[in-house]
Structures are given as C-alpha cells and as structure tokens.
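Hi everyone, thanks for coming. I'd like to walk you through a few packing details, so let me put the sequence and the model on the screen.

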Amino acid sequence: MADSGEDKLIAVARHIAKTLGHTDSMTDDILHIFSTFDRRFSRHKLSHDHTNNMTHHHHDSNPRACAALDASLNSLARQISLYVSADHSIWSDSADSSAFLDSVDELLATVRHWSPIADHDNPVAASLNRAEDLIQQAMFRLEDEFRSLMELGAESYDLTRGPKGDSTWNYPYDLDEDDEGEANEEDEENGEIPVAHPVTDYNIIIDALPSGTVGELHEIAKRMVAAEYGKECSHVYSSCRREFLEESLSRLGLQKLSIEEVQKAEWTDLEDQIDRWTKAANVTLRILFPSERRLCDRVFSGFPTAADRSFMEVCRGSTIQLLNFADAIAISSRSPERLFKILDVYETLRDLMPEFELLFWDQFCASLRNEASTIWKRVGECIRGIFMELENLIRRDPAKAAVPGGALHPITRYVMNYLKAACKSYQTLEQVFEETTIASPRDYRNLEDRGWTGSSVSVQIAWIMELLESNLEAKSKIYRDLALSSVFLMNNGRYIVKKVKDNELGMLLGEDWIRKHNGKVKQLHVMYQRSSWGKLLGLLKMDNGSSSTASNGAVAAPRSLRERLRLFNASLEEICKTQSTWVIFDDQMREELKISVTGNLLPAYRSFIGRFEGSPEAGRNADRYIKYSVEDVESRINNELFQGTSVKK
C-alpha cells in the first residue's frame, strides 16, 4: 500500500509539472524544485517517469505526429534541394545564404526534437533516416561553399598588396628593392614563386582573410559542427590554409628536401639552406603560425576542439618540413667546420621553443611540440659530437714533417682560430655542454680531477688546449737542433697566448691559465739562449790557461785566446747562417730575443776582446786576429737572425 501511495504522489507531482510546464525545459525545472522538498521526489524517479510518460504520449499519437514530421521534412527538402542543386554560389547573395542556413537550422532542430523518441522499427525512425540523408546533402553543399569562400577570400585579399589591391599595405616579407621586385613580377608571370626579402620585425599578425569572409565561414562551421561534420569542415579548412603556408615557405626560399637529400648535399649548399631555414623558421613560428592560430579561433569560435584540430592540420606539414631539415643537419657529418652553422640551427630552435610551447599546447599538437624539443636536443648532441671530432682531429694529426724554421704549425692556427670563433657563442656552448649527456673521455674527467674548476665549456676548452700542447710537444721532437725545437714551441706557445688574450676564450680559461702559459714561453726563451748561444758565452768567459766545459755540456775549451777567438768567429758565422732562416712570427718576441742575445753576448765579447788585445798572444798585430768588432757582432745578430717568413693569421 505504501508503494501504491508513493506512486500516486509521484504521478500527481508529474501531472502538475506537465500542466504548468509549457516546454520540456520548464517541466524539468519544476521537477527539480519538487525534488528539493521531498526525498521521495528524487530527480531520477521524476525524470524517468516523465520520460516514460512523454514516450508513451508520443507513441499514442504516432500517426498524427508522423504526418506532421513528414510534412515538415517535405517542406525542408524542397527548400534545401533548391539550394543544393543551384549551379552558382549560394553565398553570392546574402539573402540566399541566410535562407539556406535557416533551413539547415530548422532541419537540425527537427532531428534533435524527434531523435529521443525514435525506435528502430517505428515510423519516426524511418522519417529521421530520410532527414539524415537531407542533412548529408546540405553538409556537402556547405562544404563546397566553405571551400569557395576560403579560396575567393584569399584571392580578394592578396597578401602582397592588401585588401582590394591596396598597394600601401605591406606583406611582412614583401620585397623592398626595385630590381628584386621586377624579378619577382617576371617570376610570377612564369608561374614561379618569388623569394621574399628578409624580415626583421616579427611583431606582426596577418589577417589572411577579410573580416566579412571570416564571419561567413564561422556561420558555416557552426552548422557543420552541429551536424557532427566538424572533421570534414576542419579538413576543408586545413587543405586551403596549408597551400598558403607552403607558398609562404617557398617565398622564403626554403626548399623541400628529404633527410637523405640534405645528407648528400655539398656543405656550401647547405650553408645557404641553413640561412634560409633560419629566416623561414622565425617567420613561420613568429608570424605565420600565430596568424593561423588566430584565424582558426575566429572561424571555429565556440568550438575549441575543431579549432585545435584545424590548426594542427594546417601547420603540421610546414612544421615537419622545418624540423626534418634541422634533424637532417643534426644527424649528418660532424666535421668541425660545420660547427658555426649548426650553432645557428641550435640557437634558432632554442629561441623558438617558447613559440612551440605557446602555439602547440593542445592535445592535437602535443606530438609536434615534443618532436621540436627532441630535435633541438639532438642538434645539441651534434654540437657536442663536433667538439669530440675536433679532439680526434688533433690526436690524429701526425708528427712527421717538421715545419721549416720552427714556424707556426698549421694545426695551431686552425685550432686557435677555431676556438676563438666558437667561444663567441660561449653562452650557447655552455647550455649545450650542460644539457647534453655524451660521456666524457677518461682524460677529460682527469682534468677535472686535477683541480680544474669552471663551467662545462671551459673544462672542454681547457682539455682541447692540453691536447694541442701535447701534440706540439710531440712535433717539437722532430727537430734535431734543441734550439730550433725551442723556437718552434716558443712560436706556437706565443701564438696560443695571443689568441687567448682579451676575448671570450681568455675569459673561459682565466688569468691563471694565461700567466702559466706566458711563463712557459719565457722558459722556452731561456732554453733557446742556453742551447744556441751557451757555447759562445763559454768560449768568452773562461780564464786563460784553464780547462772548462761549455754550458751546453760540449768539449772543453782550448787554452789559447787566439784559438778561442777563431772558434768564436766560426761559431758566430755558423749560428747566423743557420738561424737566418728560422722564424719568429711575433715582431715583439723577435726583438726581445735579439735584445736578450746581445745583452748577454756583447758585454762578454767586449771584455774578451779587451783581454785579448792586452795579451802577449796578440802582440802588436791584434787587429789581424779580431775579425768582428763589438758593433759588427751586434749588427749581424740584429740583421741576420730570424729572417724566415711565416703566415700570420
């Protein structure tokens, strides 16, 4: 009995709601109010009973209801078929487009109204199947109209001139030079796409379609999404806009190259392509894609899923083209000379990552965003690999033929100029060495163990310098003359220090490193003097009548002053002859060496000549034995030593 009483109470509540509610939504509101007063009037029970009642009511009136539905569909079919079969654009007349959209709206509303009460085998279902066919015809026509509006809108809004041929409106990367403009006109006449002038201002948004056209497209998109044809609408939209982006990349000079084509291309050609790629990537991510994002959001306003899907489909091809090129560069040869252009690629991707994050934030673009980040890191690994290849190049450089005259070795010039240029991008290199995870060689880690402190890139540079110095030490042993070996190391050491001073390379290695290597050069200076001039000084400084050994460990000097003078003259002539072809590349160091030699030798020679002139051996004919005056010796040293030539770079 209790259940029967509750059923009656619910029936009364439902009757009141049905009587007072003039529409389904009003009835639902009244049922909701009842449910808040008594738990017996649960929302589920009232709604369930209400739905059952409505279904029962409609089934009771099926013949009359179906007749009304068929009449409505017949009327809509006549209206819609009139537009669907038209051989001209419906949107050429605003009245026609409005009437067509109204008919579509009414058709969609009719289907929505009747769909809840249609069973598979009742007459309503059969009528709705017919309505679905009519919707499909209408959507196909809307799709065609959408495409036409996209194409015609772009034509009337010529991006190189502006709306309605306004030549004062500048395309963001239109050409400025008159001769380039004439060349572009010829290209356009020949069906070729002109190449754009470089862009410097990226704070631009392109309105690719007129505002009125965007509004019309939105109205069509709204109906297609409502009819569950959103994917088809997105496909038409994206196919049209993709063509614009492809043409834009061509205008920017970017060629469509596969990864295989990039890897097979000559590096000089790729350098030009990287320059074009850098400009194209910046314009695309900073101007074109934001403009496309804005256009998608306007056309698909209120439908974020359709807008996100359309944006992804529009930009996917161009994004992949840009990323594939960078990826091909990253996995290609790691020859050291490629570093600087690959740094450009790395820095471009790094600087554009915020744009990737901002534009490709949604679920549809997540894979593109992740791919951009992956390739950026891969380019960083390539840069790290290039430095490892530089290390191998230094290790493999053979110590076979000696450089004539102890001059600068080509590898010293190459490595130091390379590092100096590379360190101009030390901030980028620091980021690369901090973020990449390529394992370091054992010796590289030992450098850190020996107390070297500094950033990752400074440790890398210091390690390369150690490799270079070890290589030069090995090459110095080719020289049989110890003095010439010292000159070779002195030349290369001085060059290294000069290249390090007062630039980013010196900042990374530090003042202590520079002081230490200046000290090494000074030690080599002393070694040169001892090995080259020590014998002469030994001849001049020994007392008469004594037996001694020269400072270089040579044989004992003769006791006769006259014999020592003869040996001095011969040795001086031999040294000047031999060292006349030697090279001291640095003017200042060359003068310092000559001053040092004369400063040590001339006082000793002057003293020796004085003693010789007063000795019994000289007698009255001392001038006959003195071949060179002090001034002559000084002149020979200053004018004959180190006359060899070396390339300075």
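Let's start with helix 5 (residues 94–114) and helix 8 (residues 211–226), whose axes come within 11 Å and cross at roughly 20 degrees. The axes here are lines fitted to C-alpha atoms, for helices over the stretch in contact, with angles running from 0 to 180 degrees between N-to-C directions. Helices are DSSP runs of H or I with at least four residues, numbered from the N terminus. Helix 5 and helix 8 are therefore roughly parallel to each other, a label for angles under 35 degrees. Helix 5 passes helix 8 in a left-handed crossing, that is, the near helix is turned anticlockwise from the far one by less than a right angle. On helix 5, the contact is made by Leu101, Val104, Asp105 and Leu108, and on helix 8 by Glu219, Arg223 and Ala226; contact means heavy atoms within 4.5 Å.

A quick word on the source: this is a predicted model, where local features need pLDDT of at least 70 and side-chain atom pairs count only at pLDDT 80 or more, while totals for chains, interfaces and linings use all residues. Residues are numbered from 1 along each chain as its sequence is written, and side-chain values use heavy atoms, leaving out hydrogens and water.

Now a second pair. The axes of helix 22 (residues 561–579) and helix 23 (residues 587–613) come within 11 Å and cross at roughly 145 degrees. This crossing of helix 22 and helix 23 is left-handed. Among the residues making the contact are Leu565 and Phe568 of helix 22 and Tyr605 and Phe608 of helix 23.

Which residues have the most contacts inside the largest nonpolar core? They are Phe146, Phe387, Leu419, Ile461, Tyr528, Trp533 and Tyr605, in a core of 174 residues. Helix 11 (residues 267–299) gives the most to this core, with 14 residues. By nonpolar core I mean a set of buried Ala, Val, Leu, Ile, Met, Phe, Trp, Tyr and Cys residues joined through side-chain atoms within 4.5 Å. Leaving aside residues up to four places away in sequence, Leu419 touches Phe387, Leu390, Ile461, Ile464, Met465 and Leu505.

Last stop: Val299, which lies in helix 11. Is Val299 buried or exposed? Val299 counts as buried because its relative accessibility is 0%, and buried means under 20% relative accessible area (1.4 Å probe, protein chains only). Not counting residues up to four places away in sequence, Val299 touches Phe146, Val214, Leu217, His218, Ala221 and Tyr237. Val299 and Lys222 are 77 residues apart in sequence, and their C-alpha atoms are 8.8 Å apart in space.

Methods
Buried means under 20% relative accessible area, exposed over 50%, partly exposed in between (1.4 Å probe, protein chains only). Helices (H or I, at least four residues) and strands (E, at least two) are DSSP runs, numbered from the N terminus. Angles under 35 degrees count as roughly parallel, over 145 as roughly antiparallel, 65 to 115 as roughly perpendicular and the rest as oblique.
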